Amino acid sequence: MRAFDFVVADSAAAARTLVREVPGARFYAGGTTLVDLMKSDVERPPRVVDISRLPLNAVERRGDVVRIGALARNSDVAYAPLIETNFPAVAQALLSGASGQIRNAATVGGNLLQRTRCTYFRETRWRCNKREPGSGCDALDGFNRGHAVLGTSDACIATYPGDLAIALTAVDAQVVIEGERGERTIPLSEFYRLPGDRPQRETSLEDGELITAVELRVDPLYARSHYLKVRDRASYEFALVSVACALRLDAGTIAGARLALGGVGTIPWRSQAAEQVLIGNAPDDAVYRAAAESALDGAQPREHNAFKIELARRAIVRALRTVAGGAA
């Protein structure tokens, strides 16, 4: 690991100033992603600003909105009654990630900003446009079993790695961001950027901006939600495919639906087309399969990851059965 300055911030404003002062500086909360990347020489921040002591860890209800502080620990959020009751998919997604020890350290804000697990990004001997813009992408013709089939480009096929953001996308989460011009709130569905020809730009955050909270609106639709994760082993593993879904049923008809996919996209992948297939129809396997086909429309597999398309379709059907109350 390279030498760096470590500074403790006593306020969000001070933290933002400390980061803006030094190009390449990074915020530090739980450190569960940043430290790994610094050890592997992927991240080389000359300054690391500790924000872990800031009062941004509450999980509280404000009217019809549940606000989760950006520094709330993943374990605390997963077991918070407000989350378990109103957003079960979010709790399930959190508990499916990493290990108990890591969940006790990792924060919600940091989790949203975790970077891809693509080997070609994390091992510096390979060419990677995300790590070194313009250098090329060795994953395109390399071993790409774990890579994305949706939202890819000629510059990058790296999969978005997280669980939490997939579930948050399915429950229409909002991200609260503090910056030079004050506070702004954007839908999580607009927070992540497709790689295009600039895969190094992963989010809508501007230099020096800081995530301070995530907000979720309480709605019966989200209370009937589910997160399914398919992976190579039962724990401490990233998703090959994951599905976050929510349904609102009314008199035997699907009146509302949300569907988001992980493990297959370069960003958390919401399929509004699949949602429209579901809405207005009876909850049965034929409709679920039609929605699954729609969700994977346009998928572009590489040599080793074509299996993900059918796996995702089957996972969607299984998740929808579960959330509708049918066989898992």
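1. Helix H12 covers residues 285-295, and its buried residues are Val287, Tyr288, Ala291, Ala292 and Ala295. Buried means under 20% relative accessible area (1.4 Å probe, protein chains only). Helices are DSSP runs of H or I with at least four residues; strands are E runs of at least two. Down the axis of H12, the buried residues fall within an arc of 140°, so they line one face of the helix. The arc is taken from the directions from helix axis to C-beta atoms.

2. This is a predicted model: local features need pLDDT of at least 70, side-chain atom pairs count only at pLDDT 80 or more, and totals for chains, interfaces and linings use all residues. Residues are numbered from 1 along each chain, and side-chain values use heavy atoms, without hydrogens or water.

3. What do the buried residues of H12 pack against? Their partners are strands E11 (253-262) and E12 (269-270), plus helices H11 (272-278) and H13 (307-324). Contact means heavy atoms within 4.5 Å.

4. Asp284 caps the N-terminal end of H12. One of its side-chain oxygens lies 3.2 Å from the backbone nitrogen of Ala286.

5. Now Glu178, in strand E6 (residues 174-179). Among the residues that Glu178 touches are Ala12, Arg16 and Leu210. The side chains of Glu178 and Arg16 are joined by a polar contact of 3.4 Å. A polar contact is a pair of N or O atoms within 3.5 Å; within protein, one must be able to donate a hydrogen and the other to accept it, and sequence neighbours count only if both atoms are side-chain atoms.

Methods: Buried < 20%, exposed > 50% of the residue type's maximum accessible area, 1.4 Å probe, protein only. Lists of a residue's contacts leave out its neighbours within four places in sequence.
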